[in-house]
Amino acid sequence: MTAARAIALRLLARWETLLVVAIVGAGIWSTTLSPFFLKRANLLDLVTPYIFIGLMAFGLTFVVVAGEIDISIVSNMAVSVVCFAQVFDAGVNVWLAALIGLVVATVLGLVNGALVSVLDLPSLAITLGTMAAYAGLAYVILSGEGVASFPSGYTKIGGGYIAGNELPIALPVILAVAVVLGIVLHATRFGRYVFTIGSNREAARFSGIPVMRVRMAVFAASGLMAGLAGVVYVGYFGSARADAGTGSLLDVVTAVVLGGVDIFGGAGSMLGVFLALVLVAELRNGMQLANIQGDTQDIVIGGLLLAAIVAGNLVRRAQTGRFRVRPLRLGRKEVIAHDAADALMPSKLAPQNLKGR
Amino acid sequence: MNFPLRRTSAQSLASAVFRLREIGILFALGAAVAFFAIRAPNFLSTGNWQGIAQNVAIVIVVGVGETLVVLTRNIDLSVGSIVGLTAYLSAATFAHHTGASVALVALIAIAIGFGLGLVNGLLVAVARVPAIIATLATLAIYRGVDVQITGGGNITAYQLPDRFLKLASTKPVGVPTLAWIAAGVAIVGAAAVRWAPWSRDFYAIGSNPEAARFAGIPVGRRVITAFAISGALAGLGGFLFASRFPTVDAVAAKGFELDVITAVVIGGVNVFGGSGTMLGVVLGALLVATIQDGFTLLRISEFWRLFFNGFAIVVAVTIDALVTRRLQEALRRRRAEALAARHLEAGT
Amino acid sequence: MHRRRLAVTGIVAGAALVTMLALTLSAGARTSKGYKIFFLPKTTTIPVFTQNALGAKAAAKELGDTITYNGPTDVSGPKQVPFIDSAARQGYNGIVISTSDPNAVAPALKRAAAKGVKVVSYDGDTAPDSRTIFVAPSSNKLIGAIEVQWASDETHNKGEVAILSATPTSPNQNTWIKFMKQELAKPKYKNMKLVKIAYGNDDPTESAKQTQALVQAYPNLKAIIAPTTVGIQAAAQELQQEGKCKKIQLTGLGLPNDMRKYVKAGCANKFGLWDERAFGYLATYVVHNVIAGKLTGKLGQTLKAGKLGTFKVVVSDGNKPVVVLGPPLAFTPKNIDKYHF
């Protein structure tokens, strides 16, 4: 095998390349489904309704790369939305109120982070609990009809269009956010810490990384992004209610996993998540334009989520040339599925200790 | 060798912790009952307790299956959708074949649930999709299939034979039939987990999958089994659900998985896998149902109940983890002492 | 091993291809006669919307229009937004929408309107400035009045009456109760006495408990009015179990499918709800006339809605412009088998 061919193969086997191929493929499929898909206005507007989902997916990416999970993220957004709305409704300036929404979301993220990192509890179970708790809290804070009287100067940002009324303002915004977060994850010391902790926490600890603080920070980041998603959500829909984001968790998790972020931690890229978001938005848009029933859409997205993991497993094995199941290595990305929980919530608890060290 | 001795001491310590756990829930249950009995009129009435028993029955049936899955250090989020789908299919079968035997339809529902659970198991064990992702996806897929099958319509009580509806309305010896069925499932589950040789594998896999594999346990097969049983019991749960709430549409049992997982986690099943008892799960489900019933009687909003559910999970997990850590320290200390004693013996 | 994996991959890819092909085919071609109308319910998973759609399709057939019925699987305003945008892009002439979040769908509906799509809301209204006309099933006053009327019919206009409501904070329920009280204050109902308003929280168990409490606390109770579909069903079941169906009359708002069993058992002789099919049928006629430019939302305009007759654009319950379907339909043992929702 020549070097050039090896490089080409490696590039081809990169997850992001596959995503681009999938996006083109889904685009062709969508074009056959509906003649309206290829219109410029449609293509530009593709991602707009899913921007709040994308922002949450970006936040979740940090958590998952660090080897944890945060399924409370959608409920967290709902709480921040209703806090924002209540504060605004009480007469506070809308931008200040939005800022308070961000602070609330970050604090809720920190609560998850403290439970997971300081007390060293499993993030899956903890965020499953806070998912319900935060959802209830949102309704307690603002039940009923919600708040909708947001000034147009504010809703313009979330739902407005420029350049001949075709380019949604939100599109450059999310691109900018994706770039900034990409830099944070891939080009800063913090980002490196997150990757190291995700691939091997013990090693990270021994190499002097402040593991506890970084794990706390990824949950805070996830909370902050939930808050930002809430701010955009209110801007786009012009309505703040306790049921904000209902049923979005599947899309958020799909974007992250489809984006090639290793659910066991330690690998993933912001670009991949962004591309996955585009793919999900594109598929939903195409199916919508073809008037395919909502439930069929859910089945397709669910199937896509499964296919992404299975394909990921195959690609990874193709890359490393291993077709044999190797003995387990706990907490590493090569662990086999039974240790999903382990990798999702690695901890000093049961497994290691019972190994009889 | 004093290997047996060590094992006994570790075992007794572990079972002591389980008992402590169950006593803890019992204590909480007692406190809740006392509180609501004072604050809420009617709380202690027979009718109210029959209501609680009915509400908790289906949670227990599905919870027993979920427990097996959690024991193997996995999770099954799709049970709500399986319950919804099998509830509709059971009701539809009765609606189209009024003469169908109740037992036969129950078996069909269980078989369908088994199949859906098997798919989960295969995804997790063979396709190596992490359980949370696999079942999050099948949660959406099974519900989507449910919506397609219902076609946006519903089956109503009027279309169902009384023989079937009686399952939920009769109360032999003052206890609802549903509760008898749940008790039966829980007892069989508890017995199986205690005495069946293969069931101990679940604990072994959950405690340490690597060691379990080296010890020759067919890990993949056991995990598939756990998911399939969870699916089958969710199928039974769906069948009972249709009898209890006979107007079945595509949103039936939406979010039910959260009730089940709450009961399992509060019941002391360790989310790291490897520990938990069926009695704990039954008590956990009872505790949640009692508190929710009390909230209803006190007219506390639905939303506080949701908040409480989540809060309870967090508290239970926290306590669990702290207790487990203590237990492990104690175990290690005992082992060290035993080792020291052996050295001492050898020395003299 | 390698070959097996290839085979598996092949099978998976094949399955995906077949699915996509099937979806492509099911998307299908549509004829382009008449108007294209997008019928967007709160969710496609709830049976009443399926009934609305059947009525809408019947109306469209009469009018020569095409109806597309599609919506999200969760009850969520934001999840309706992509459907609205997509309908506007596909060049639909009109959207009929029922929403749970009036404000969240408003910006999207305005975007659609800017592209020339006519919007009519029904059942769950949107923000008034984002639709041309709202089609209401009934007016609160009519609902309150007719329920008292039914209770009076069944009790020979005398005796103690109780109301079994949903939650004390539900705006609908409270408005209806207010109108019921107004109606009961009229001289013709002077022999009827409202003794208690109970709340079942729209929860079957709690509603049954509250019914039981009413039966025990008021031995002379003659009628229960339950203006909630959950409440009336639970009350019927409880009355049947307690063997009080002869003694206490039950009325209110309920779904025929839910109540059929109890009607046949003699436990509810008169209750009502609007005809869900007629509701979808009327909404479709309204949007058709709006697209045709015959209706602009000016008060006093009239429209002919096929077999339902003539309707007028009015102010109803302080909302305008509204087309009201009419007083709820009464279901009785005689006519209940004609309705399936």
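Reader: How much area is buried between chain C and chain B?
Author: Welcome! This is a predicted model, in which local features need pLDDT of at least 70, side-chain atom pairs count only at pLDDT 80 or more, and totals for chains, interfaces and linings use all residues. Residues are numbered from 1 along each chain as its sequence is written, chains are lettered from A and ligands numbered from 1 in the order in which they are written, and side-chain values use heavy atoms, leaving out hydrogens and water. Buried area is the accessible area (1.4 Å probe) that two parts lose on being put together, summed over both. Between chain C and chain B, carbon and sulfur atoms give 52% of a buried area of about 1,700 Å².

Reader: Which residues in chain C lose the most area to chain B?
Author: Contact means heavy atoms within 4.5 Å, and here it takes 22 residues from chain B and 19 residues from chain C. Three residues of chain C together account for 28% of what that side buries: they are Thr45(C), Pro47(C) and Lys261(C).

Reader: Which residue forms a salt bridge with Lys254(B)?
Author: A salt bridge is a side-chain nitrogen of Lys or Arg within 4 Å of a carboxyl oxygen of Asp or Glu. Chain C and chain B have 2 salt bridges between them. In the one made by Lys254(B), the closest N and O atoms are 2.9 Å apart, and the partner is Asp74(C).

Reader: Which helix of chain C gives the most to the side that touches chain B?
Author: Helices (H or I, at least four residues) and strands (E, at least two) are DSSP runs, numbered from the N terminus. The elements of chain C that give two or more residues to this side are helix 2 (47–63), helix 7 (204–217) and helix 9 (256–264). With 5 residues, the one that gives the most is helix 9.

Reader: How does the side of chain C that touches chain B divide into nonpolar, polar and charged residues?
Author: Ala, Val, Leu, Ile, Met, Phe, Trp, Tyr, Cys and Pro count as nonpolar, Asp, Glu, Lys and Arg as charged, and the others, Gly among them, as polar. On that rule, the side of chain C that touches chain B divides into 3 nonpolar, 9 polar and 7 charged.

Reader: What area do chain A and chain B bury between them?
Author: Here 60 residues of chain A are in contact with 51 residues of chain B. Salt bridges between these two chains number 0. Carbon and sulfur atoms carry 76% of the area that chain A and chain B bury, which comes to about 4,900 Å².

Reader: How many residues does helix 7 of chain A give to the side that touches chain B?
Author: Several helices of chain A each supply at least two residues of this side, among them helix 7 (123–141) and helix 15 (294–320). By class, the side has 41 nonpolar, 12 polar and 7 charged residues. Helix 7 of chain A gives the most, with 14 residues.

Reader: What share of the residues of chain A count as buried?
Author: The secondary structure of chain A comes to 17 helices and 2 strands. Buried means under 20% relative accessible area, exposed over 50%, and partly exposed in between (1.4 Å probe, protein chains only). Of the 357 residues of chain A, the buried share is 61%.

Reader: Is Ala100(B) buried or exposed?
Author: Ala100(B) sits in the loop between helix 3 (79–96) and helix 4 (102–125) of chain B. Beyond its neighbours within four places in sequence, Ala100(B) is in contact with Phe94(B), Val105(B) and Arg163(B). Because its relative accessible area is 14%, Ala100(B) counts as buried.

Reader: Which residues are buried in helix 4 of chain C?
Author: An α-helix has 3.6 residues a turn, so residues three or four places apart point the same way. The cover over the buried residues of helix 4 of chain C includes helix 8 (152–159) of chain A and helix 3 (77–89) of chain C. In helix 4 (residues 106–114), the buried ones are Ala106(C), Ala108(C), Leu109(C), Arg111(C) and Ala112(C).

Reader: Is His156(C) buried or exposed?
Author: His156(C) has a positive phi of about 55° although it is not a glycine. Its place is in the loop between helix 5 (140–154) and strand 6 (159–165) of chain C. Because its relative accessible area is 66%, His156(C) is exposed.

Reader: What is the omega of the cis peptide bond from Lys320(C) to Pro321(C)?
Author: Pro321(C) lies in strand 13 (residues 319–324) of chain C. The peptide bond from Lys320(C) to Pro321(C) is cis, with omega near -10°.
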